[in-house]
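This report describes one protein model.

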Amino acid sequence: MISQIHVYLIKTISDTLGGVSPLQLLAMTSLDTYHKVIQVARCTSTSEYAPVMFTHSVCIEPFGQRYCPEHRSNVSMPKDIYSSFTELLAKEVEGVDYRIELLDRGSENLIMAPHGGRIERGTSEIARSIASKHLSLYLFEGIRPGLEHHELHVTSHKYDEPQALWAVSKSMRVLAIHGRADRRDTQTIWIGGRDTSAHEVLLSRLQSAGFKCQIQSKSLAGKHSNNICNRGISARGVQLEIPRSLRDELLENDDQLRNLSTELRESMLELT
């Protein structure tokens, strides 16, 4: 029995994995280990290889260039490099490392993806779909190739990007779209923020549309008064934490994305 194998996961899962075919790999390891290796492969960038090391004791350990911690329940995200946008904007280059999109449509509602682009994959697309042509939109997107989550992530209660602050100051209600790690739960949307009156409306509409969701009171609940979603005119906003696997599904399924976006947009308009 081989106890350790170095596998280089290729962009196409059906391709040979580091010279070992999937069937050979399955024969040498447990089924559980094999599925975990394939899961890492699925979240690998299509333009890069992702070296991992796994053992027969079902341990997958990143040691190389790129891997996706959002799909894994036992990996802590690295500490953010920047504690404020004052620090970030002094070192990073707009148009090279990040870009900002702000569309002021004069609506009372603002849809945000404060960690968009490569920071929390899929949140920009979801926010843009919700806003459609009707609601104001703010996106801060990491665009540097190979960007890691923590490199441009500024936590929400320290979010002081000037255009974001201006946009929320003009908006009665803010809906911020975030991405969370799966944490053994690939489908549940966590509803947070200080706008408790909106929670039940969103919960009811999303569940009726077939989405699994829950009102979050502890981790990633968005209750801090300085959270960017709570800095609108009402001082009460909404934060959605969408798991990575569900975000991937939404990006691949236009009908599902349209369904989610319509329910959220109509909910925000109903609350206005």
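G116 has E141 of strand 6 as its bridge partner. In this predicted model, strand 5 (residues 109–117) and strand 6 pair in the parallel sense over 6 bridges. Between them the chain passes from strand 5 through helix 4 (residues 123–131) to strand 6, a β-α-β crossover that is right-handed. Strand 6 also pairs with strand 4 (residues 98–103), in the antiparallel sense and again over 6 bridges. There, Y98 has G142 of strand 6 as its bridge partner.

Is strand 6 buried or exposed? Because 7 of the 7 residues of strand 6 (residues 136–142) are buried, the strand is largely enclosed by the rest of the structure. In a regular strand, side chains alternate between the two faces of the sheet. Here S136, Y138, F140 and G142 point one way from strand 6, while L137, L139 and E141 point the other way; all are buried.

Nonpolar side chains in soluble globular proteins tend to be buried together. The largest nonpolar core of this model has 30 residues, and I111, L175 and I177 touch the most other members. Apart from that core lies another, of 21 residues, with Y138, V154, Y159 and A164 among them. Neighbours within four places in sequence aside, I111 is in contact with A127, I130, A131, L135, S136, L137, Y138, L175 and I177.

D195 sits in the loop between strand 8 (189–192) and helix 6 (196–208). The relative accessible area of D195 is 0%, so this residue is buried. Its side chain makes a polar contact of 2.6 Å with the side chain of S197. Residues up to four places away in sequence not counted, D195 touches R173, R236, G237 and V238.

For the protein chain as a whole, there are 8 helices and 10 strands. Of its 272 residues, 49% count as buried. The accessible surface comes to about 12800 Å², and carbon and sulfur atoms hold 49% of that area. Among contacts with a separation of 6 or more, 75% are between residues 24 or more positions apart.

Technical notes. Residues numbered from 1 in each chain as written. Predicted model: local features only at pLDDT ≥ 70, side-chain atom pairs only at ≥ 80, totals over all residues. Heavy atoms only, no water. Helix = DSSP H or I, 4+ residues; strand = E, 2+ residues; numbered from the N terminus. Buried < 20%, exposed > 50% of the residue type's maximum accessible area, 1.4 Å probe, protein only. Polar contact = N/O pair within 3.5 Å; in protein donor to acceptor, adjacent residues only side chain to side chain. Contact = heavy atoms within 4.5 Å. Areas by Shrake-Rupley, 256 points an atom, 1.4 Å probe, with all protein chains shown as cover. Core = buried A, V, L, I, M, F, W, Y, C linked by side-chain atoms within 4.5 Å. Pairing = 2+ DSSP bridges. Right-handed = clockwise from strand over helix to strand, strands pointing away.
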